[in-house]
Amino acid sequence: MTHVPELHGVHLWLRELRATDLAPFERIHTHPVLTRYLGIDRMEARQAQDAFAQCLAQPYSHPRRRHTLAICAPGDDTMVGTMGLLVEEYGSNAMLTGLVLLPDAPVRGHSHEAGRLLMAYGFGPLGLHRIWAGHRADHTRMGAIMLAAGLHPEATLRELFRTQGRWHDVTTYAALGRQWRHTATPAEQAVLTGSRSLQPA
């Protein structure tokens, strides 16, 4: 079993999904607007429940490649969003995936911090060399979030995935661990080194 420790930033923190997170998870994945820019189509309730069960099983897979975590506000363990890290099967690379926040999430405006915490975990405890991410080319607001996370533009992949009945181009970004480490905040440095000081007293 491979559990991700709690990853605490200044404006939000990440934790493993729990069985009690089903309702917000289902709300996200069955919502026509919240799923608009994801790489998957909006789910029916049963599909969302099945996907949630698969996420709960992630810590029990070996080697663990998928890390879907709940985003929470400081001082509150209520799930207000999700984000994931998918470790590729070759090399030392991974992809940030599925950043979604509920409309009433108190951490809105700080979503890049979720990506940075996951990158710190990837470059630190997981020993990754390169982490990349992408967004639909027409989701222009995501560019600023990618840059704030410390990712650098790389390319546009044409018609990478198909949702809502049509193909979508994806703009990609990436960061290398040896460079990204120099931009880490104290909280992110604690994640990089596996320090328990990253959890608030």
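Trainee: Which residues is T35 in contact with, leaving aside neighbours within four places in sequence?
Mentor: In this predicted model, T35 is in contact with I28, H29, I40, R42 and Q164. T35 itself lies in the loop between α1 (22-29) and α2 (45-56).

Trainee: Why is T35 called buried?
Mentor: Buried means under 20% relative accessible area. T35 has 1%, so T35 counts as buried.

Trainee: Q164 was among those contacts. Why does Q164 count as partly exposed?
Mentor: The partly exposed class lies between the buried limit of 20% and the exposed limit of 50%. Q164 has 42% relative accessibility, so the label is partly exposed. Its place is in the loop between β7 and β8 (166-176).

Trainee: What is the phi of Q164?
Mentor: It is positive, about 50 degrees, although Q164 is not a glycine. Most residues other than glycine have a negative phi. E159 also has a positive phi, about 45 degrees, and is not a glycine. E159 lies in strand β7 (residues 152-163).

Trainee: What makes E159 partly exposed?
Mentor: Its relative accessible area is 48%. Exposed needs over 50%, so E159 stays partly exposed.

Trainee: Which peptide bond is cis?
Mentor: The one that joins H62 and P63. Its omega is about -5 degrees. Most peptide bonds are trans. P63 is found in the loop between α2 and β3 (66-72).

Trainee: On to α2. How does its span compare with the one expected?
Mentor: α2 has 12 residues. From its first C-alpha to its last, α2 reaches 17 Å. At 1.5 Å a residue, 16 Å is expected, and the span is close to that.

Trainee: Which residues of α2 are buried?
Mentor: They are A48, A51, F52 and C55.

Trainee: How do you know that they are on the same side of α2?
Mentor: They cover an arc of only 105 degrees around the axis, which puts them on the same side of α2. An α-helix has 3.6 residues a turn, so residues three or four places apart point the same way. The buried residues of α2 pack against α1 and β3. On the other side of α2, R46 and Q54 are exposed.

Trainee: What is the strand order of the sheet?
Mentor: The order is β1-β2-β3-β4-β5-β6-β8-β7. That is an open sheet of eight strands with mixed pairing.

Trainee: What makes β1 (7-8) and β7 edge strands?
Mentor: Each pairs on one side only. Pairing needs at least two bridges. Two bridges join β1 to β2, and these strands run antiparallel. There, H8 stands opposite W13 in β2.

Trainee: Why is strand β6 (residues 130-136) called largely enclosed?
Mentor: Five of its seven residues are buried, so β6 is largely enclosed by the rest of the structure.

Trainee: Why is T172 called buried?
Mentor: T172 has 5% relative accessibility. The limit is under 20%, so T172 counts as buried. T172 is found in strand β8. Not counting residues up to four places away in sequence, T172 touches W132, A133, G134, H152, P153, E154, A155 and L157.

Trainee: What makes G91 exposed?
Mentor: Exposed means over 50%. G91 has a relative accessible area of 65%, so G91 is exposed. Its place is in the loop between β4 (81-87) and β5. G91 and R130 are 39 residues apart in sequence and 9.2 Å apart in space, C-alpha to C-alpha.

Trainee: What is the average pLDDT of the chain?
Mentor: The average is 93, and 97% of the residues score at least 70. Over residues 197-201, however, the pLDDT is below 50. Beyond near neighbours in sequence, that stretch has 10 contacts in the model.

Definitions and conventions
Residues numbered from 1 in each chain as written. Predicted model: local features only at pLDDT ≥ 70, side-chain atom pairs only at ≥ 80, totals over all residues. Heavy atoms only, no water. Helix = DSSP H or I, 4+ residues; strand = E, 2+ residues; numbered from the N terminus. Buried < 20%, exposed > 50% of the residue type's maximum accessible area, 1.4 Å probe, protein only. Contact = heavy atoms within 4.5 Å. Expected span 1.5 Å × (residues − 1). Arc of directions from axis to C-beta. pLDDT = per-residue confidence, 0-100.
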